[in-house]
Amino acid sequence: MSGKHHHDKGKRDKHQHDKHPGKPDASKKHDKASKRGHKNGKGAPLTEVHLWVDPGCPWAWLTSRWLLEVEKVRPVKTIFHVMSLAVLNSGRDMSDDRRRSLDRGWAHVRVMLAVAEEYGQDKLAAFYTALGTRYHVNREGRDRQTVINALADVDLPAELAERGDTGDNDDALRASHHEGMDPVGMEVGTPVIHVGGIAFFGPVISPAPKGKAAGKLFDHAVGLASYPGFFELKRTRTVGPIFD
């Protein structure tokens, strides 16, 4: 592990970033609802873990798969929200190819928001899983047909794909983005988690742990983020996203 401590401010686009200016008193809006509305098989309340994702980000995909594993071993419920890498990286210096890639990403986050608004949380979670599986696991093209196929996977109408072509609801998209991102600061990326009145970026993991290991990582991540003076714990990544 390198001892070099490096911050690259404003020089690269972000799925994730070195810095972590988390605010321990964030997410109060979700804190009140965090232990109501969901119960496990024994009738006990579940803690809501709010996760902001752009379906194009492989790191957010891995974090989401980890949280679904956590649900099996801890009394938690993952609540999905939409953020946008295009919004996050607006105005940043980057290559033309990267900018074009981000611009194409407007379509899938617009469709995700439409699913959330019109069909609710369960369908949003299912659609995100279907689309992420096609993007990251199956390595399918990030185009309209893949979005249509993912909609079909979860019995949603193909016409929803047309929402990706219009910016009529982009104010709501930006509002969802900032609801998740503002409490942790704009120098981080996705994934962002809000739980129990705290908000933090990460964890960035590869591969996603399963079973008891998933629960243990959750306990430690929330424990660290709960300390008001904790800001960063980092080491150089030695692997890319591993999907298994």
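Analyst: The model is predicted, and its open sheet has four strands in the order E2-E1-E3-E4, with mixed pairing. At the edges are strand E2 (76-82) and strand E4 (198-201), each of which pairs on one side only. Direction ignored, neighbouring strands of the sheet are turned by 20° against each other on average.

Strand E3 (residues 192-195) and E4 run antiparallel and are joined by four bridges.

Helix H8 (residues 211-226) lies across strand E1 (47-53), E2, E3 and E4. Relative to E4, H8 runs at about 110°.

H8 also meets helix H2 (residues 58-73). Two packed helices are described by the angle between their axes and the distance between the axes. For H2 and H8, the axes come within 8 Å and cross at roughly 100°. Angles of 65 to 115 degrees count as roughly perpendicular, and H2 and H8 are therefore roughly perpendicular to each other. On the H2 side the contact is made by Trp66, Leu67, Glu69, Val70 and Val73, and on the H8 side by Gly211, Ala214, Gly215, Leu217 and Phe218.

Phe218 deserves a separate look. Leaving aside neighbours within four places in sequence, Phe218 is in contact with Val49, Trp66, Leu67, Val70, Arg74 and Val76. Among these, Trp66, Leu67 and Val70 belong to the H2 side of the helix contact.

In soluble globular proteins, nonpolar side chains tend to be buried together. The largest nonpolar core here has 60 residues, and those with the most contacts inside it are Trp66, Val115, Phe127, Val147, Leu151, Ile193 and Phe218. Helix H4 (residues 96-119) gives the most to this core, with eight residues.

Val147 and Leu151 lead on to helix H6 (residues 144-153), whose buried residues are Thr146, Val147, Ala150 and Leu151. An α-helix has 3.6 residues a turn, so residues three or four places apart point the same way. The buried residues of H6 pack against H4 and helix H5 (121-137). After H6 comes Asp155, with a positive phi near 60°.

Definitions and conventions
Residues are numbered from 1 along each chain as its sequence is written. This is a predicted model: local features need pLDDT of at least 70, side-chain atom pairs count only at pLDDT 80 or more; totals for chains, interfaces and linings use all residues. Side-chain values use heavy atoms; hydrogens and water are left out. A nonpolar core is a set of buried Ala, Val, Leu, Ile, Met, Phe, Trp, Tyr and Cys residues joined through side-chain atoms within 4.5 Å. Buried means under 20% relative accessible area, exposed over 50%, partly exposed in between (1.4 Å probe, protein chains only). Helices (H or I, at least four residues) and strands (E, at least two) are DSSP runs, numbered from the N terminus. Contact means heavy atoms within 4.5 Å. Two strands pair if DSSP finds at least two bridges between them. Axes are lines fitted to C-alpha atoms, for helices over the stretch in contact, and angles run from 0 to 180 degrees between N-to-C directions. Angles under 35 degrees count as roughly parallel, over 145 as roughly antiparallel, 65 to 115 as roughly perpendicular and the rest as oblique.
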